[in-house]
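Subject: Handover of a structure and summary of findings

Dear colleague,

Please find below the structure that I am passing on to you.

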Amino acid sequence: LDLRLQGHDIEGWMRQIRIPLNVNGVAIGNYVMDFVIDHNDGRVEYVEIKGFETALFKWKIKHLKAQYPVLWITII
């Protein structure tokens with residue numbers, strides 16, 4: 001990602017970003033996204049890198065997508 005930033009392919013990036021998970025206004029935990037990439041066109045991409053999908057990951061990503069349906073999430 002640093003090379004993409006140096007080549008002006010992206011505007012910026014961050015790692016280990018906490019996204020709150022809530023149910024009916026009650027905080028039930030956080031999802032820690034591996035990377036967030038700010039693209040030059042203003043889009044924001046959330047990137048998760050997984051070796052394999054655990055049951056907890058499947059539940060959390062399902063909840064995340066339900067709570068934030070407009071997020072652009074890429075799972076590698």
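Predicted model: local features only at pLDDT ≥ 70, side-chain atom pairs only at ≥ 80, totals over all residues.

Overall fold

The protein chain contains two helices and four strands, and the order of these elements from the N terminus is α-β-β-β-α-β. The C-alpha trace spans about 40 × 30 × 15 Å along its principal axes. Of the 76 residues in the chain, 25% are buried. Where contacts join residues at least 6 apart in sequence, 44% of them link residues at least 24 apart.

Strand pairing

Strand 1 (residues 10–23) and strand 2 (residues 26–39) are paired in the antiparallel sense, with twelve bridges between them. One of the bridge pairs joins I10 to H39 in strand 2. The hairpin formed by strand 1 and strand 2 has two residues between the strands, and N24 adopts a positive phi near 50° there.

Strand 2 also pairs with strand 3 (residues 44–48), again in the antiparallel sense, over four bridges. Here D38 has V44 in strand 3 as its bridge partner. Four residues lie between the strands in this second hairpin, where G42 takes a positive phi near 95°.

Charged residues

Three salt bridges are present in the structure. In one of them, the side chains of D9 and R4 meet at 2.7 Å, N to O. D9 counts as partly exposed because its relative accessible area is 41%, and R4 is likewise partly exposed, at 30%.

A salt bridge also links D41 and R43, with the closest N and O atoms 2.7 Å apart. D41 is exposed, at 52% relative accessibility, whereas R43 is partly exposed, at 43%.

E48 and K50 form a salt bridge as well, their closest N and O atoms being 3.4 Å apart. E48 is buried, with a relative accessible area of 2%, while K50 is partly exposed, at 31%.

Beyond its neighbours within four places in sequence, D34 is in contact with M14, R15, Q16, V47, E48 and I49.

Surface

The chain exposes about 5300 Å², of which carbon and sulfur atoms supply 57%. V23, V26, I28, L56 and W59 make a nonpolar surface patch of about 470 Å². Strand 2 and helix 2 (55–67) are the elements that give two or more residues to this patch. I28, which is in strand 2, counts as partly exposed because its relative accessibility is 41%.

I76 lies in the segment after strand 4 (72–75). With a relative accessible area of 58%, I76 is exposed. Not counting residues up to four places away in sequence, I76 touches V47, E48, I49 and K50. I76 and N22 are 54 residues apart in sequence, and their C-alpha atoms are 25 Å apart in space.

Yours sincerely

Definitions and conventions. Residues numbered from 1 in each chain as written. Heavy atoms only, no water. Contact = heavy atoms within 4.5 Å. Pairing = 2+ DSSP bridges. Patch = residues over 30% accessible without salt bridge, like charges linked within 9 Å, V, L, I, M, F, W, Y side chains within 5 Å. Areas by Shrake-Rupley, 256 points an atom, 1.4 Å probe, with all protein chains shown as cover. Salt bridge = Lys/Arg side-chain N within 4 Å of Asp/Glu carboxyl O. Buried < 20%, exposed > 50% of the residue type's maximum accessible area, 1.4 Å probe, protein only.
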